[in-house]
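Try each task before reading its solution.

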Amino acid sequence: MTFHIVTIFPEFFLGPFNHGVVARAQADKLLEIRVHDLRNWTYDRHRSVDDRPFGGGEGMLLKAQPLFEAVEAILPARNAKQKVVLLSAQGRPFTQSMAQGFAELDDLVLLCGRYEGVDERVAEHLADDEISIGDFVLSGGELAAAMIVDSVARLLPGVLGNEDSARNESFSVENDGLLDCPQYTRPAEFRGWKVPEVLLGGNHEEIRRWRQQASREKTQRLRPDLFPSRQGQ
Ligand code: 9D3
């Protein structure tokens with residue numbers, strides 16, 4: 001699979017992809033990441049990628065033309081195994097099941113927004129989807145692109161070593177829709193805080209019940225939205 005990132009800050013990605021799982025997967029040719037400088041598709045003296053909004057308003061917008069020409073150069077004949085995604089604060093919230101869908105593609109083009117936004121014709125006529133990584137304000141799409149590449153990369157065959165351990169995983173579904181249970185490693189006592197006694201014994205049925213209850217309590221405290229019966233109340 002090839003990831004294409006279109007950005008006005010190509011140097012940003014020297015960091016995130018040169019470490020850990022994604023770096024190794026690139027070296028092993030399991031995936032490829034191509035970072036494209038949006039200014040390659042500008043032709044004026046100042047290589048401008050932005051302009052003022054029609055109708056007035058604060059700040060600048062990314063222009064449609066460089067983004068359209070970038071995508072047309074990267075994917076000259078678009079097909080069903082390729083997708084173009086605009087990263088924006090207004091997008092659909094990214095989920096693990098979207099990551100699983102992207103992991104089936106040959107090419108994923110990620111368009112990083114900047115400034116106050118992007119000319120809406122990019123969302124309407126160029127991108128297949130418009131995605132956000134959460135309800136908080138970033139200064140651009142670059143961090144979002146790095147997160148999406150990381151989450152998709154680890155689902156690709158061979159990337160985690162263990163062929164299908166991660167590929168079918170879905171966020172919290174294996175565990176009855178709850179968060180993972182709390183886990184502990186040695187020592188059994190640290191600064192006076194003891195590991196729950198039940199985990200030190202070998203009663204596997206008792207351990208299973210403790211883990212299930214601990215999962216429920218942690219989910220109720222940190223992610224009450226994951227309990228489906230309470231949605232919309
Ligand atoms: C807060 C109102 N606007 C700023 C004047 C809108 C706005 C424009 C551009 C907010 C953020 C951005 C830049 N952010 C992204 O491009 C972005 C983003 C985000 O801000 N949050 C979550 N996911 C993403 S993906 C891309």
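The exercises below concern a predicted model.

**Exercise 1. Find where Asp 107 sits, and work out which side chain of opposite charge is nearest to Asp 107.**

Step 1: Locate the residue. Asp 107 belongs to strand 6, which covers residues 107–112.

Step 2: Look for a charged partner. The nearest side chain of opposite charge is that of Arg 34, 6.0 Å away. A salt bridge needs the two groups within 4 Å, and Asp 107, although buried, has none.

Step 3: Look for a polar partner instead. The side chain of Gln 82 makes a polar contact with the side chain of Asp 107, at 3.2 Å.

Step 4: Beyond the neighbours within four places in sequence, Asp 107 is in contact with Thr 2, His 4, Leu 75, Lys 81, Gln 82 and Lys 83.

**Exercise 2. Identify the residues that touch the most other members of the largest nonpolar core, and the elements that supply this core.**

Step 1: Start with the residues. The core has 32 residues, and those touching the most other members are Phe 3, Ile 5, Leu 87, Phe 102, Leu 108, Leu 110 and Ile 148.

Step 2: Trace the elements. Two or more residues each come from strand 1 (2–7), helix 1 (20–27), strand 5 (82–93), helix 3 (96–102), strand 6 and helix 5 (142–153). Helix 5 gives the largest share, 7 residues.

Step 3: Zoom in on one member. Setting aside neighbours within four places in sequence, the contacts of Phe 3 include Leu 31, Ile 33, Leu 108, Val 149, Val 152 and Leu 156.

Step 4: Check for another core. Apart from the largest one lies a core of 21 residues, with Ile 8, Val 49, Leu 86 and Val 122 among them.

**Exercise 3. List the buried residues of helix 2 and say what they pack against.**

Step 1: Go through residues 64–74. Ala 64, Pro 66, Leu 67, Ala 70, Val 71 and Ile 74 are buried.

Step 2: Find their partners. These buried residues pack against strand 1, strand 2, strand 4 (61–62), strand 5, strand 6 and helix 4 (121–125).

**Exercise 4. Decide whether Asn 40 is exposed or partly exposed.**

Step 1: Apply the cut-off. Exposed means over 50%, so Asn 40, at 43% relative accessibility, counts as partly exposed.

Step 2: Compare positions. Asn 40 and Glu 69 are 29 residues apart along the chain, and their C-alpha atoms are separated by 9.4 Å.

Notes:
Residues are numbered from 1 along each chain as its sequence is written. This is a predicted model: local features need pLDDT of at least 70, side-chain atom pairs count only at pLDDT 80 or more; totals for chains, interfaces and linings use all residues. Side-chain values use heavy atoms; hydrogens and water are left out. Helices (H or I, at least four residues) and strands (E, at least two) are DSSP runs, numbered from the N terminus. Buried means under 20% relative accessible area, exposed over 50%, partly exposed in between (1.4 Å probe, protein chains only). Lys and Arg count as positive and Asp and Glu as negative; His and the chain ends are not counted. A polar contact is a pair of N or O atoms within 3.5 Å; within protein, one must be able to donate a hydrogen and the other to accept it, and residues adjacent in sequence count only if both atoms are side-chain atoms. Contact means heavy atoms within 4.5 Å. A nonpolar core is a set of buried Ala, Val, Leu, Ile, Met, Phe, Trp, Tyr and Cys residues joined through side-chain atoms within 4.5 Å.
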